[in-house]
Amino acid sequence: MSDKRHYKLVGKSPRKVDGLSKCTGVTKFADDLFMPRMLHCKLHRSHVAHARILSIDTSLALEVEGVMAVLTGETMPEPFGILPVSQDEHALCIDRVRFVGDPVAAVAATTEEAAYEGMMKIKVEYEVLPAVYSPEKALANDIPPLHDYGDDGNVHKRVSMEFGDVEKALQEADIVLDDVMFFEGNTHLAMEQHASLAWMDPDGRITIWSSTQTPHYLHRAAAKVLDMPPSRVRIVACPNGGGFGGKSDPFNHEIVVAKLAQITNRPVKIALTREEVFYCHRGRHPVLMRSRMGLKKDGSITGLHFQSLLDGGAYGSYGVASTYYTGALQTVTYRIPVYRFDGVRTFTNKPPCGPKRGHGTPQPRFALEVQMDKAAEKLGIDPAEIRLRTLQPRDSVTANWLRIGSMGLGECIRKVVDGSGWKDKYGKLPRGKGVGLACSSYICGAGLPIYWNHLPHTGVQLKLDRGGGVCVFCGETDIGQGSDTVLATCVAEVLGVDLYDIRVVAGDTDLTPVDLGSYSSRVTLMMGNAAIQAAERARELLAKAVAEKLEIPVVRLGFAENRVFDVEDPEQGVTFAEAVVLAESKFGTIGTVGSYTPPPSPGRYRGAGVGPSPAYSYSAAVVEVTVDEETGILTVDKVWIAHDIGQSINEVLVIGQVEGSVYMGLGEALMEEMAYRPNRFGVHKIPSMLDYKSPTTFEMPEVVTYLVEDPDPNGPFGAKEVGQGPLLPMMPAVANAVFDAVGVRVDEVPITPAKILKALESPNLRHGPGAFPDLGVLPEEIMRVKTQEEGGDGKSDKAFVRKSKRGVDKGEAVQK
Amino acid sequence: MPRPEAVLPDTGSPGTKKVHRVLRVNGEDLEVAFAPHKTLLEILREDLGLTGTKHGCELGECGTCTVLVDGEPQLSCLFLGLDGEGVEIETVEGMAGPDGPHPLQQRFAELGAAQCGYCTPGFLLVARSILDVDPDPDREKLVDELSGNLCRCTGYLKIYEAIEQAAADLREPGLRKGGGKR
């Protein structure tokens, strides 16, 4: 354990560096930007779910006063997408629309009203095609495929991998649980609607200011579709008014405004309406799951066979990675010695699903944690105890070859069990009241990048000013999680300067070194390590110059309180600004860089790119609920949550992420769902903030947060992630609490009053999905990988040969 | 290169005759010409350059665009600019005084009540309207009064803490330097 007392800033809670700007209306979000002669853009979107475009008539739109340009898809034939294996989107649809909301044409006009009027006057003639709205129907492959790539028909991706012999492990078990569960899709609902502004300068360089979490990937996509050298394209990620994964794909509208800026030679802005944000989606995949778990009487797990069927929506997005993620992290919490995972993602004619906070792991985590609760009940073991007995050990390798470092889950469980009074409550509260426990884990950044290469995942650059100021450049994007503050804190800690003497320049592909983006909970760990490296290199230069001046060895120098001094005689020293001047006199202009690449993973099989991480965070939660058996109304009364953060960089920000995760998880547990009308072209039922129910102040319970600080050797100052992990235990904890309260199982999220009533009325006291379909995995398609215990080397058996696939899949492995 | 922050007046819908009005915003009389269908939200952001007021739905559902009109919270997306005459309008830009940020702004920033900061102006102004009539509101009152404002980042808890701490600061203004002047 490191000693917190040695840190000057780390682990404390100074005001975040952009805090007052955000509280005074000064922070500029993308839609707050205006430029002289700026045009406004509106998109004409499809009102049918699946159709061939026969013709587009833009003549009436061009007649509207103020309309300066109308754009259709054939001007941008190059496809794009976040993953190299799913380049299946076009800036505007060319020959086919695939969901209600798919953009077909764009209008730029001098006012928003004129752009809207022009957009309404565009006439598109469609030949309606059969549409598919459910993954079960998509599996049947009886309608024409949405895309000309994928594994077969409307199956976008099918994977199957086995680590050890699962059927044998299940036979050796004392009990085998077999559950089918469903997790409904939901969306990010960030308060800020997506907005982008583009401008082509007279020298032929284009700039896109956008609400994006991933400026680097937008840079790639925009350059590709605009057919411009990346050196002439600049992306500036504005502070995001909430992201949660919803702004981490490159989007049509970002590229469209850039094209319109090229055509009109004027700045062009778009701000999506809230309804359009629902169509952009990229939110939580609806996932139907089947989990077969074998356990011994003592609660130890003999093996797990997990299957998932993902409803992907109309495009690939992050979907290949999402599919793998529904099978990747089951193994990192409890010891599962033998494991098999089958996953299928299908295309359907609905807005595309993608990554939302937890990306592909909340759904299986829900199934696994509810199943653990059922196992505990069946075996007569306390749900906390069964988990404590089966913890995956620290410094170990899982069955699917994930390397675990620090592991604070046991401590998390003990904290919430003690804090909540679990032992006096579980099974002992009056009927209608109950407690539920669940755990989780999440990656601290993906071990491999989306584009496979040997480049660093993040870079940080420092420029030291003669006045003592420090400017930090990094491609990271603050989406509200506080990454600017983490960056400044890491640098200020190493250099011993005031936090507010640091100026952060972030998320600008012209000015800052690449950081891959604010996704997969990667920023604190990766950027933090790069920032420390850059700051240590600067400190070294300053130390050499100051040591020479003070005539003492470098090792005797301390950096604190904007001074560089002799630690044996602190009066002897210089100010930080003087130290910069000394160093600059000696070495020339002072600037340093740092970068970070995650350590290699032991898994070498196909698909092993999803799951590895430099470290894993852990969370445990207890929720207390009240269930009204007359109405089914479920109220969450209180939440106790413990999170293994490794080491807080800023404690207030860490607790804020935990509380925000609890909030968002409760929304998913209780009410949030994307709902469509299959009988009306799959139109979204509720694309508004009023009808898409999310928790208000009335639904938010008291939360008690415990931080477990078990520093991870791979983390900056030992820090791990906190943005996503603490969301994961909420949904299963609520489901388990409902069972404790009224003895029914709702094997489905969200857990609405209607479902609780159905469960109370059903003979088996359960509500949830029935059958799980055949995923169509052929025996030769199961990739077999020996576990470490079996003497494996992380590679799959040579006998496994991958079936040839259609279309653009270039056979590259994919990560998020 | 032009700075994107520069605000130019929106010309309104081409052909729409503009009205000319004087709106009193943050204690100043501001002359502005705008198309008569424009909302106060649009006029503040597009015609007066006060982009501190944000929007989350433009349908009166999320509370993000809240401003104070004669001290009462109003959804500026549902408030016609034409109705803005003869009333006192206050936006987040008007909260800070010559001594610096209002204690609410200070505490929101310090205590983690603003994560992405997008819903923050709306919450700050509702909070201000609460504290103007009740210097020591209990938690129940905060839950009730803030129920029309959505925040997706914080789970609301840090917002309550910040308001309670700011209320304490305002009750004993000697303890803490800050703005808070109208």
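1. A:S520 sits in the loop of chain A that runs between β21 (502-506) and α15 (523-550); helices (H or I, at least four residues) and strands (E, at least two) are DSSP runs, numbered from the N terminus. The phi of A:S520 is near 55 degrees, a positive value in a residue other than glycine. A:S520 counts as buried because it has 30 C-beta neighbours inside 10 Å; the cut-offs are 20 or more other C-beta atoms within 10 Å for buried, 12 or fewer for exposed, and in between for partly exposed, with C-beta atoms placed from the backbone.

2. The model is predicted: local features need pLDDT of at least 70, side-chain atom pairs count only at pLDDT 80 or more, and totals for chains, interfaces and linings use all residues. Residues are numbered from 1 along each chain as its sequence is written, and chains are lettered from A and ligands numbered from 1 in the order in which they are written.

3. A:L765 belongs to the loop between α19 and β33 (766-767) of chain A. Its phi is also positive, near 50 degrees. A:L765 is partly exposed, since 13 other C-beta atoms lie within 10 Å.

4. A cis peptide bond, with omega about 0 degrees, links A:V749 to A:P750. A:P750 is placed in the loop between β32 (748-749) and α19 (753-761) of chain A. Most peptide bonds are trans, and most residues other than glycine have a negative phi.

5. For the complex, the predictor gives an ipTM of 0.96 and a pTM of 0.96. Chain B averages a pLDDT (the predictor's confidence in each residue, from 0 to 100) of 90, and 87% of its residues score at least 70.
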